[in-house]
Structures are given as structure tokens and as C-alpha cells.
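Subject: Structure handover

Hello,

Here is the structure I said I would pass on. Please open it beside this email and follow along; my notes come after it.

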Amino acid sequence: MQRLKTRPQFQAALAGGMVSRTPHFALHRLNLPDTTVTASSALADGLVVGSAESLFQPKAVWLGAMVPKRWARRAVTRNAIKRQIYVISAQYEVRMPCAAHVVRLRAGFDRTQFISATSTLLKQAVRLELEQLFERAARPA
């Protein structure tokens, strides 16, 4: 699994559309074009030829994690959530299509319920939601 690193990669993946969501997370996916796609069919689909190919060079499963300060104030919480995202996604890598994915935290966890930034209760809640998120995304449409 490749990790998204640059801003244009994240922007392209977010523009692909939301595939799955839970109360706290959303999964966005940009399907990568086949190398056999002709220029006319790509233009008909509204795809800029070469843009996604140049951003995501090795055709593989790409993943990025967005955990904004707005929803997780403390850096230790943001880092713990990102670690959970990458660990859980590695378990679902085989079932995911070759595409660019972004997992985005879209709501904060209640600080009165999860007092510690790295509590086992918070880690379990994050893990459960991420498993639901990836399970829904891996399910065939």
C-alpha cells in the first residue's frame, strides 16, 4: 500500500467522491484510470488525461489520512487516530481496489466520554468505526 504525501494527491482523491461513512469518519475514493483507456473515452468521462496517472505513478492501493485539528485538538490524539487508520487499512488492502483513498475524520469524539487522548476506550471506538468504514467500502456495489 502506498501513502498519499502531497497536497495534489489528497485533493484528487477527495474529488473522487465519498464511498463510505460512519458517524466520525468518511472514506473518499478516486478510481485510477486503466493505462489502456483512450484519450477520447477519458475526455468523455470528464477525466483529464494524465493527471491521475502522474500523481499516482505505481498502480496500487493508495491511502491517506486526514485528521484535522478542528475535530482532534491534541496532536497525540491525531497521531493515534492516524496510526489506527493505517493499521486497519492494511488488513483490508487485499479487498480494496487499486485506487486512491482518503480517510477523513469528519466529527470529533466526545472529550467527556474519552478523557485521555490515548485511552483504550478511545482506541476501541476508533477501531470499531474504521472496521465498519472499510467493510462498507470493500462490499461490492
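A contact here means that heavy atoms lie within 4.5 Å. By that rule, F109 touches H24, F25, W71, I81, F114, L122, A125, V126 and E129, leaving out residues up to four places away in sequence.

Some housekeeping comes next. This is a predicted model, in which local features need pLDDT of at least 70 and side-chain atom pairs count only at pLDDT 80 or more, while totals for chains, interfaces and linings use all residues. Residues are numbered from 1 along each chain as its sequence is written, and side-chain values use heavy atoms, with hydrogens and water left out.

Confidence

pLDDT is the predictor's confidence in each residue, from 0 to 100. Its mean over the protein is 84, and 84% of the residues reach 70 or more. Over residues 36-50 the pLDDT is below 50, and this stretch has 6 contacts in the model beyond near neighbours in sequence. Where pLDDT is low, the predicted coordinates should not be read in detail.

Overall layout

Helices (H or I, at least four residues) and strands (E, at least two) are DSSP runs, numbered from the N terminus. The protein has 5 helices and 5 strands, and from the N terminus they run β-α-β-β-α-α-β-α-β-α. Among contacts between residues at least 6 apart in sequence, 75% join residues at least 24 apart.

The sheet

Two strands pair if DSSP finds at least two bridges between them. The 5 strands form an open sheet in the order 1-4-5-3-2, with mixed pairing. Its edge strands are strand 1 and strand 2 (18-21), each of which pairs on one side only.

What does strand 4 pair with in the parallel sense over 5 bridges? The partner is strand 5, where A100 is the bridge partner of W62. Strand 1 (residues 2-3) and strand 4 are also parallel, over 2 bridges, and here Q2 has W62 as its bridge partner. Strand 3 and strand 5, in contrast, pair in the antiparallel sense over 7 bridges, and H28 stands opposite V102 in strand 5.

Burial and cores

Buried means under 20% relative accessible area, exposed means over 50%, and partly exposed is in between (1.4 Å probe, protein chains only). Buried residues make up 40% of the 141 residues. In strand 4, 4 of the 5 residues are buried, so this strand is largely enclosed by the rest of the structure.

A nonpolar core is a set of buried Ala, Val, Leu, Ile, Met, Phe, Trp, Tyr and Cys residues joined through side-chain atoms within 4.5 Å. The largest one has 23 residues, and F25, I81, I85, V103, F109, L130 and F134 have the most contacts inside it. Two or more residues each come from strand 3 (25-31), strand 4 (62-66), helix 4 (75-91), strand 5 (99-105) and helix 5 (120-138). Helix 5 gives the most, with 6 residues. A second, separate core of 10 residues includes A13, L32, W62 and V102.

L128 and I88 are 40 residues apart in sequence and 9.7 Å apart in space, C-alpha to C-alpha.

Regards
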